Amino acid sequence: MNLGIYIQVPFCQTKCTYCNFHTGVVSADKYAPYAAAVRSEITDFRKFYGSAGISVESFERAVADTVYFGGGTPSLLDPTHLAGVLDAVRGSFAQELAEVTLEADPETVTEAKAQAWAAAGINRVSFGVQSFSDTELKASGRLHRREDVYRAAPILRSAGIQNLSFDLIVGLPHQTAASWRNSLEELIGLNPEHVSIYMLEVDEGSRLGRELISLGTKYSAPVVPSDEQMADSYDLARELLAGAGYEHYEISNWAKEGRASRHNLKYWQREPYLGFGAGAHSFNGTTRWANAHDSAEYVATIQSGRLPAEQIETISLEQAHEEEIFLGLRQLRGINLDQLDPFYVSTLSDKFSLLQSAGLLEREGNIVRLAPRKLSISNEVFVELLG
Ligand code: SF4
């Protein structure tokens, strides 16, 4: 069995207006104790999990093959901290680390860092590009500018990191049909191996989201594109990326051949992963748990010898079935009904037929998948099926 290891680094240099993640701006002298706490959580994971009543049995024979440093902005940490965390992983798990990803913001990349990352074993960098329009980047509170992406990508490639992923966001303030097309074309010109495209999330968790909900005018809320424009932008991404040789393999993800994210596939295929750090989530096949979000609380709890797990949830059979449908349908290849519980599938058959006649689902034998042309409204399918 393969195992994914996720490391959460919840620090950023500033807070982007659209960001609804649990991340914070802290002084840089907090980074070293945080990295030490993460190392300790990894090295002593048996003790920590045991004290929280979480079974580690399923991990004893697992081989860790992916590590993902996410955030936040993990590229802010000193490379020696990242290397130390990877050493802890190598010392604590049977491992063959095929894919080690670091999320990085373009402005944080330097030659010295890139070389140190490669030397530590990082072989994939996921860039928060978000847009190639400086107007959109500035309005969203991003620190980098278009030219930082052009500066950073060659630095990484020269350091030997040849697997790059670029993120873009549909729906940033000031985004127009023309500026979105330009961002896609510039991205394709840089030829990353992998692309993630996320739709702007409007909720109470971000400053921009709250402004949009209250119909306010701050954070350039009045120039956020309409839902229709966002759906068109997503469809344009599908078209241009397909034309550039990217396979669309998950609602938000495209990859050149053989470059799908091995780590993220584990989430969609319900394979086990362990998350270390503040707010990190884990899944051992039957139980999900998450650490406390607050980084100071996380460090203090680890230092006191306890696991800062806040939510420990045993997954019921019903939940497992729902997850199989929800996560399976996110993948463009769809779900194979033969591999699901027959009784559960029978309870959904009327809904499948209804969604099929509405053109939202496609069915070929026992394979059910989202209709590619309706992916931008996939939430409607999930609400209908699982609501
Ligand atoms: S860099 Fe990423 S995690 Fe940090 S505030 Fe911006 S969007 Fe959020």
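What follows is a conversation about this structure.

Q: What kind of model is it, and how are the residues numbered?
A: This is a predicted model, in which local features need pLDDT of at least 70 and side-chain atom pairs count only at pLDDT 80 or more, while totals for chains, interfaces and linings use all residues. Residues are numbered from 1 along each chain as its sequence is written, and side-chain values use heavy atoms, with hydrogens and water left out.

Q: How many helices and strands does the protein chain have?
A: The protein chain has 14 helices and 15 strands, where helices (H or I, at least four residues) and strands (E, at least two) are DSSP runs numbered from the N terminus.

Q: And what is the radius of gyration of the protein chain?
A: The protein chain has 21 Å, which agrees with the value near 21 Å for a compact globule of 387 residues; the radius is taken over C-alpha atoms, and the globule rule is 2.2 Å times the number of residues to the power 0.38. Along its principal axes, the C-alpha trace spans about 55 × 55 × 40 Å.

Q: What share of the residues is buried?
A: Buried residues make up 53% of the 387 residues in the protein chain; buried means under 20% relative accessible area, exposed over 50% and partly exposed in between, computed with a 1.4 Å probe on protein chains only.

Q: What about contacts between residues 24 or more positions apart?
A: Such residues account for 69% of the contacts in the protein chain with a separation of 6 or more, a contact being heavy atoms within 4.5 Å.

Q: Let's turn to the ligand; which residues are around it?
A: The residues around the ligand are Cys 12, Thr 14, Lys 15, Cys 16, Tyr 18, Cys 19, Phe 21, Thr 23, Gly 72, Thr 73, Asp 105 and Arg 142, where a residue counts if one of its heavy atoms lies within 4 Å.

Q: How does that shell divide by class?
A: The shell has 5 nonpolar, 4 polar and 3 charged residues.

Q: Where is Gly 72 found, and what joins it to Gly 71?
A: Gly 72 is found in the loop between E2 and H3, and a cis peptide bond with an omega of about 10 degrees joins Gly 71 and Gly 72. In general, most peptide bonds are trans.

Q: On to H3, then; how far does that helix reach?
A: Helix H3 (residues 79-92) has 14 residues and reaches 20 Å from its first C-alpha to its last, close to the 20 Å expected at 1.5 Å a residue, the expected span being 1.5 Å times one less than the number of residues. Its buried residues, among them Leu 82, Val 85 and Val 89, pack against E1, H1, H2, E2, E3 and H4.

Q: Which residues of H1 are buried?
A: The buried residues of H1 are Tyr 31, Tyr 34, Ala 35, Ala 37, Val 38, Glu 41 and Ile 42. Seen down the axis of H1, they fall within an arc of 160 degrees, so they line one face of the helix; the arc is that of the directions from the helix axis to the C-beta atoms.

Q: And which residues of H14 are buried?
A: In helix H14 (residues 378-386), the buried residues are Ser 378, Val 381, Phe 382 and Leu 385. They cover an arc of only 95 degrees around the axis, which puts them on the same side of H14. The face turned away from that buried side carries the exposed residues Asn 379 and Val 383.

Q: Last topic: which non-glycine residues have a positive phi?
A: Among them are Gln 130, with a phi of about 70 degrees, and His 174, with about 75 degrees. Gln 130 lies in strand E4 (residues 124-130) and, at 8% relative accessibility, counts as buried, whereas His 174 is partly exposed, with a relative accessible area of 35%.

Conventions. Ala, Val, Leu, Ile, Met, Phe, Trp, Tyr, Cys and Pro count as nonpolar, Asp, Glu, Lys and Arg as charged, and the others, Gly among them, as polar.
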